[in-house]
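Please look over the chain shown here before reading on.

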Amino acid sequence: MKCSSCGASNRPNARFCRGCGEALPAQPAPNVPKAAPSSYPPAGVPYAAGTWQPTKDKAIAYILEILLLGLGWIYAGETGTGIAILVGWIIVGLMIGIPVDLATGGLGCLCTVPMAIVAYGLSLTRLSKYMNARPHIFR
Ligand SMILES: [Zn+2]
């Protein structure tokens, strides 16, 4: 409530003005109506239908990801994740995995091929979930 002497705003139930110390008339707190819930967009509908169009193709993301792990993520807009996966894959998968396979005359494949399959499986599964959760971006 506003003080009638100095105009300072005070808490509704304040007995004295915090601006000038004047005694404030005892008065019940004004019944301020809460904003009507209907003024908010309904929960779970972040985008109004028709105002957006998917701009990216899931198939392109999958193809890029299969060509080189991480590329699909970069295409999907997760540049940081994509670069991390890409760098990890180049170092571990290509710079270590392939030399190990060559040095062991192919025996290393018993270890590196399953690792590569797991790496691809995890990355593609997570990329799929990421894109499915964003139907407004990916078609
Ligand atoms: Zn006052």
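Are H1 and H4 roughly parallel or roughly antiparallel to each other? This is a predicted model, in which local features need pLDDT of at least 70, side-chain atom pairs count only at pLDDT 80 or more, and totals for chains, interfaces and linings use all residues. Residues are numbered from 1 along each chain as its sequence is written.

The chain has four helices and zero strands, where helices (H or I, at least four residues) and strands (E, at least two) are DSSP runs numbered from the N terminus. In order from the N terminus, the elements run α-α-α-α. Of the 139 residues in the chain, 13% are buried. A residue counts as buried if 20 or more other C-beta atoms lie within 10 Å of its own, as exposed if 12 or fewer do, and as partly exposed in between, with C-beta atoms placed from the backbone.

Two packed helices are described by the angle between their axes and the distance between the axes. For H1 and H4 the angle is about 160° and the axes are 11 Å apart. Axes here are lines fitted to C-alpha atoms, for helices over the stretch in contact, and angles run from 0 to 180 degrees between N-to-C directions. H1 and H4 are therefore roughly antiparallel to each other; the cut-offs are under 35 degrees for roughly parallel, over 145 for roughly antiparallel, 65 to 115 for roughly perpendicular, and oblique for the rest. Their crossing is right-handed, a crossing being right-handed if the near helix is turned clockwise from the far one by less than a right angle, and left-handed if anticlockwise. On the H1 side, Lys58, Ala61, Tyr62 and Glu65 meet Ser123, Leu124, Leu127 and Met131 of H4. Contact means that the C-beta atoms of two residues, placed from the backbone, lie within 7 Å.

H3 also packs on H4, at an angle of about 165° and with the axes 10 Å apart. That makes H3 roughly antiparallel to H4. H3 passes H4 in a left-handed crossing. The H3 residues Ile85, Trp89, Gly93, Gly97, Val100 and Asp101 meet Cys109, Thr112, Ala116, Ala119 and Ser123 in H4.

H4 itself covers residues 109-132, and its 24 residues reach 33 Å from first C-alpha to last, close to the 34 Å expected at 1.5 Å a residue. The expected span is 1.5 Å times one less than the number of residues in the helix. Ser123, Leu127 and Met131 are the buried residues of H4, and they pack against H1 (58-67), H2 (71-76) and H3 (79-103).

Why does serine 123 count as buried? Serine 123 is buried because 20 other C-beta atoms lie within 10 Å. Leaving out residues up to four places away in sequence, serine 123 touches Glu65, Leu69 and Ile85. Leucine 69, by the same rule, touches Ile85, Leu86, Trp89, Ala119, Tyr120 and Ser123.

Leu69 also belongs to the largest nonpolar core, which has eleven residues, including Trp73, Trp89, Leu127 and Met131. H2, H3 and H4 each supply at least two residues of this core, and H2 gives the most, with four. Such a core is a set of buried Ala, Val, Leu, Ile, Met, Phe, Trp, Tyr and Cys residues joined through C-beta atoms within 7 Å.
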